[in-house]
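Have the sequence and the 3D view open side by side.

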Amino acid sequence: MTDKEKNLVEKFLNRRFNDLVLSEFKDGKYKTLKTKNSKKNIFLYEEKHDMIFCNSDVVIDPILKMFKTDYSETYDFVKEWIKCKFGLDCIDIVGVLPPE
């Protein structure tokens, strides 16, 4: 990913997801990031396997389409953004589609 792409993707993430609220449940085994007054999770951190599940429909897919970035570099960048912005570090980030 070029520096220009990184800058654009970071701006996109900050504009769309700057106001995410972190909440914990099941004794901290799970943490969610979602917009205020919404039941729709954007990110779900699962402690046992040290994974973050990402709503790819609203995060990854728009980035890939708008900025034509590399698939794995996009996931790596989003993973690093979550770590810096919300303090959630993980082994891997996986994109999932939300249930209908």
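Which residues does threonine 74 touch, not counting residues up to four places away in sequence? Keep in mind that this is a predicted model. Threonine 74 touches Met1, Ile60, Ile63, Leu64 and Thr69. Its place is in helix α3, and threonine 74 counts as buried because its relative accessibility is 0%, where the cut-off for buried is under 20%.

Now step back to the helix itself. α3 has 16 residues and reaches 22 Å from its first C-alpha to its last, close to the 22 Å expected at 1.5 Å a residue. Besides Thr74, the buried residues of α3 are Tyr75, Phe77, Val78, Trp81, Ile82 and Phe86. Look down the axis of α3 and these buried residues fall within an arc of 160°, so they line one face of the helix. An α-helix has 3.6 residues a turn, so residues three or four places apart point the same way. As for partners, the buried residues of α3 pack against α1, β2, β3, β4, α2 and β5. Just after α3 comes glycine 87, with a positive phi of about 75°.

Next, the core. The largest nonpolar core has 26 residues, and Leu13, Phe17, Phe43, Val59, Val78 and Ile82 touch the most other members. Two or more residues each come from α1, β3, β4, α2 and α3, and α3 gives the most, with six. Phe17 is worth a click: leaving aside neighbours within four places in sequence, phenylalanine 17 is in contact with Phe12, Ile42, Val58, Val59, Trp81 and Phe86.

Conventions
Residues numbered from 1 in each chain as written. Predicted model: local features only at pLDDT ≥ 70, side-chain atom pairs only at ≥ 80, totals over all residues. Heavy atoms only, no water. Core = buried A, V, L, I, M, F, W, Y, C linked by side-chain atoms within 4.5 Å. Buried < 20%, exposed > 50% of the residue type's maximum accessible area, 1.4 Å probe, protein only. Helix = DSSP H or I, 4+ residues; strand = E, 2+ residues; numbered from the N terminus. Contact = heavy atoms within 4.5 Å. Expected span 1.5 Å × (residues − 1). Arc of directions from axis to C-beta.
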